[in-house]
Amino acid sequence: MHKLLASFALAAAAVLAQAQPAAPVTVEGAWARAALQGQGSSAAYMTLTAREPVTLLGATSPAAAIVELHEMKLEGDVMKMRAVDTLELPAGRGVELKPGGYHFMLMDLKAQFKPGLVVPLTLRLRDAKGAERTLKVSLPVAAAAPSPHKH
Ligand SMILES: [Cu+2]
C-alpha cells in the first residue's frame, strides 16, 4: 500500500515540475481522501509554502463541480466546518491544509475517488502586487495521508 502511494506521489511531483507556472508557492504532500461509491464529496490536503506573501483565493477541479476552501475548528467541544473566502500564505512559512484544519472540500464529484486515481486541482492565488496566478496541483487519491517517508 505504501509503495503504491509513494509511486503516485512521485508521479504527482513529476507532473508538478513540468506544469508549474510562475506562482511563488511550493506545494508538498498533496492528496485527496478516497470516497466510497455514492459518496459525493471528498477533501484535499497539502502544505503550501509561499516565497512572497500570497493570498489563496480558492481552487477548481474538473473532477468536482464545486471546490470550496474550508476550515475545521473546535468550538467548545464540537468540531465545526465552515467555508472561508481566502487564506493568507505568509512568506517562507508553510501553511498546512490537513485533516482537522484547513482543507479544500470537493463536492458533486464527477467520478468515484478511488485510491490510485490522480485528480487535478488548479489553485487560484493573488500575489502581493494584486495579480492573480494559478498553480496546478496533482492530488493522488488515498485512504489516508501519504507517508512522509516517500523518498
Ligand atoms: Cu469541508
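**View 1. Arg133 pairs with Asp127.** Arg133 counts as partly exposed, at 25% relative accessibility. The model shown here is predicted. Arg133 meets the side chain of Asp127 in a salt bridge. The N to O distance is 3.1 Å. Asp127 is buried, with a relative accessible area of 7%.

**View 2. Arg82 pairs with Glu71.** These two side chains form a salt bridge, 2.7 Å from N to O. Arg82 sits in strand β5, residues 78-83, and Glu71 in strand β4, residues 64-75, so the pair ties together parts that are 11 residues apart in sequence. Is Glu71 buried or exposed? Glu71 is buried, at 8% relative accessible area. Arg82 is partly exposed, at 42%.

**View 3. Glu75 pairs with Lys80.** The closest N and O atoms of this salt bridge lie 3.6 Å apart. Glu75 is partly exposed, with a relative accessible area of 40%. Lys80 is partly exposed too, at 42%. Side chains of opposite charge can pair when their charged atoms come close.

**View 4. The whole chain puts the close-ups in context.** How many salt bridges does a search of the whole structure find? The search finds four. The chain has one helix and 10 strands. Of the 151 residues, 39% count as buried. The chain exposes about 8,200 Å², and carbon and sulfur atoms supply 56% of that area. Among contacts between residues at least 6 apart in sequence, 71% join residues at least 24 apart.

Conventions. Residues are numbered from 1 along each chain as its sequence is written. This is a predicted model: local features need pLDDT of at least 70, side-chain atom pairs count only at pLDDT 80 or more; totals for chains, interfaces and linings use all residues. Side-chain values use heavy atoms; hydrogens and water are left out. Helices (H or I, at least four residues) and strands (E, at least two) are DSSP runs, numbered from the N terminus. Buried means under 20% relative accessible area, exposed over 50%, partly exposed in between (1.4 Å probe, protein chains only). Contact means heavy atoms within 4.5 Å. Accessible areas come from the Shrake-Rupley method with a 1.4 Å probe; for residues, only the protein chains shown count as cover.
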